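Visitor: Could you walk me through reading a pocket and a sheet here?
Guide: Gladly; let us look together.

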Amino acid sequence: MSKMFKKTRIIKVNHQPREVEDLVALDTKIGLNINGRLLGKFYLSPYNLEDFTLGYLLDEKYIKSQEDVSRIEFDSESIQVFLKDFENVEDDDLACYDGWFHRDHAIPSVKSDLKVEKENILQAYDRLIEKAEVWSKTGGTHVAALVDEKHFILREDVSRHVAVDKVIGAGLKENLDFSDSFLVCSGRIPPDRVVKLANVGIPIMVTKAAPTVEGLKIGEETGITLVGFLRNGRFNIYTHPHRIIV
């Protein structure tokens, strides 16, 4: 499936109308169903949907591994997921969009000995922007990448949350060790994004934007290193700086 759409518009050149084509990012709304029950409808980019589905189910704690999923079916309007054990979930627990699937449970702490050099972080962010195909041509998506010694897994989406879901799902399929990887992404650092990382054990999150106050609180509580506000080779380390070698 194409990730972009050509849109014709009219401009004036020397006072004469002329047709030109622009590329715009594709987006849609799609329903996510688990064992025949509607979880919710998501606004996203309609590609890498298996990555989104697996990542969302994992980082929202519906599943513990890919083995919990019997099969996934797709059509133009919905995703149908069939889980092996989904009998004890109440309807009130179904809808979740913000990383807190079980609000009465503590958010897990991230246990990781990962340390990353500052230069490697800057190089990863430069590579993120360089490889972001739809973002570079339209500016209409967010982009995220999971990075370790062997992998640079990048995904784009019109939703900053879904971009994170997609790279987590892709990492799950690659059997990536989340505790030995870090995430670089566009967009700010709100608390719900940080919770997604805590739920799968990713110890470092890097973005060009600054975190929110609540995002900082979650990062501090869960042991996640938050790095933001990358500008001209400089950045701010907001929480748990011991993981960054400067």
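Visitor: Which residues lie nearest the centre of the second largest pocket?
Guide: A pocket, on a 1 Å grid over the protein atoms alone, is an open set of points where a 1.4 Å probe fits, with protein on both sides within 12 Å along at least five of seven lines; lining residues have an atom within 4 Å of a point. Here 14 residues line the second largest pocket, and N120, V147, D148, E149 and F182 lie nearest its centre. This is a predicted model: local features need pLDDT of at least 70 and side-chain atom pairs pLDDT 80 or more, while totals for chains, interfaces and linings use all residues. Residues are numbered from 1 along each chain, and side-chain values use heavy atoms, without hydrogens and water.

Visitor: Which element supplies the largest share of that lining?
Guide: Helices (H or I, at least four residues) and strands (E, at least two) are DSSP runs, numbered from the N terminus. The largest share, four residues, comes from α2.

Visitor: How do I read the open sheet of six strands?
Guide: Strands of a sheet pair through backbone hydrogen bonds, either parallel or antiparallel. Two strands count as paired if DSSP finds at least two bridges between them. The order here is β9-β8-β10-β11-β12-β13, with mixed pairing. β9 (152-157) and β13 (234-237) each have a single partner strand, so one side of each is left without a neighbour in the sheet.

Visitor: How many bridges join β10 to β11?
Guide: Four, and these two strands run parallel. V184 stands opposite V206 in β11.
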